[in-house]
Amino acid sequence: MALVSAKEMLEKARDGKYAVGQFNINNLEWTKSILQTAEELKSPVILGVSEGAGKYMTGFKTVADMVKAMLECLNITVPVALHLDHGTYEGCYKCIEAGFSSIMFDGSHFPIAENIEKTKELVKVCKKRGLSLEAEVGAIGGEEDGVIGKGECANPDECKRIADLGVTMLAAGIGNIHGKYPANWEGLSFETLAAVKEKVGDMPLVLHGGTGIPTDMIKKAISLGVAKINVNTECQLAFQEATRKYIQEGKDLVGKGFDPRKLLAPGCEAIKATVREKSEIFGSIGKA
């Protein structure tokens, strides 16, 4: 199956009261693990790529070509969208040209007028090419791959102004943060989420910072219109811990040379387990 826009999968998720997981990729092994697990679960999936990860993997075209080849070689039949995560205005155009099927323009740090102006231009381009477009209002807290937000709750009226431009999905800050949540985290602002939902109607909503949010909060957010949930840190932590344990136990490392396939295997299995767990919580299993 070829890459697809996220539009149809998110509209199905919205109507079916479940969410599609976006799992960020950083290399070939992570991408393969996520795609194989999505196929196993018959779950639609969104592969997220930050600008930093794209640069690490030698460029967006390399990423797009790698993913497209994997879809063919792994016989992937579930819907897969390749999505730029927290993209700059310039980064969005680079991903469009590279062959991504979905992009996120993060204009949340701009004044609302500039956010609207830039988003409006990208709406035109994405509609012409059949790509899905995510916009953001209200910065997501914490730091992820160099993107820093103060955790502002979105203004529902500003959300409506962005949604009315014709974007596919909207990320609204509701107290969520990137990375691990601190012990004194106050939780998601469902009051804000409900107010945003009332303003934007059927627009599929996006919840960033899916790592560490309690299951009951996840399910309530889905009931209020969230159709896409991003997971990155949890995959990173699972990969890190599995690899650390493997090295600490000294398996296949002493006197046998260095085999990166063996070294990376435990981390890849940990990522697969994370995707399975999250897909079950999100309710996306069997929805392809």
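1. Aromatic pairs. The structure, a predicted model, holds 5 aromatic pairs. One of them joins Y89 and F105 in an edge-to-face arrangement, with 6.0 Å from centre to centre and 70° between the planes. Y89 belongs to helix α5 (residues 89–98) and F105 to strand β4 (residues 102–105), so this pair ties together parts that lie 16 residues apart in sequence. F105 also pairs with F110: the ring centres are 6.3 Å apart and the planes meet at 25°, so this pair is stacked.

2. The ring cluster. Ring pairs link Y89, Y93, F105 and F110 into a cluster. F105 counts as buried because its relative accessibility is 1%, and the cut-off is under 20%. Y89, at 21% relative accessibility, counts as partly exposed. F110 is partly exposed as well, with a relative accessible area of 26%.

3. K118 is part of helix α6 (residues 112–129). Leaving aside residues up to four places away in sequence, K118 touches Y89, F105 and F110. The charged end of K118 sits over the ring of F110, 5.0 Å from the ring centre. Is K118 buried or exposed? K118 counts as buried, because its relative accessibility is 19% and the limit is under 20%.

4. The charged end of K220 sits over the ring of F190, 4.6 Å from its centre.

5. Nonpolar cores. The largest nonpolar core has 74 residues, and L82, F100 and L170 touch the most other members. Helix α4 (residues 60–73) supplies the largest share of this core, 7 residues. A second, separate core has 13 residues, including Y18, A81, A171 and A227. In soluble globular proteins, nonpolar side chains tend to be buried together.

6. Contacts of F100. Which residues does F100 touch, not counting those up to four places away in sequence? The contacts of F100 are V49, F60, V63, A64, L82, H83, L84, C95 and L131. L82, in this list, is also named with F100 among the residues that touch the most other members of the largest core.

7. Helix α9. Helix α9 (residues 215–223) has M217, I218, A221 and I222 as its buried residues. These residues cover an arc of only 140° around the axis, which puts them on the same side of α9. The buried residues of α9 pack against α8 (190–200), β9 (205–207), β10 (226–231) and α11 (260–282). G225 follows α9 and has a positive phi, near 110°.

8. C235. C235 lies in helix α10 (residues 233–249). The relative accessible area of C235 is 0%, so C235 is buried. Not counting residues up to four places away in sequence, C235 touches F23, W30, I271 and T274. From C-alpha to C-alpha, C235 and I271 are 5.4 Å apart in space, although 36 residues apart in sequence.

Definitions and conventions
Residues numbered from 1 in each chain as written. Predicted model: local features only at pLDDT ≥ 70, side-chain atom pairs only at ≥ 80, totals over all residues. Heavy atoms only, no water. Core = buried A, V, L, I, M, F, W, Y, C linked by side-chain atoms within 4.5 Å. Buried < 20%, exposed > 50% of the residue type's maximum accessible area, 1.4 Å probe, protein only. Helix = DSSP H or I, 4+ residues; strand = E, 2+ residues; numbered from the N terminus. Contact = heavy atoms within 4.5 Å. Phe/Tyr/Trp six-rings, centres within 6.5 Å; stacked < 30°, edge-to-face > 60°. Lys NZ or Arg CZ within 6 Å of the ring centre and 35° of its normal. Arc of directions from axis to C-beta.
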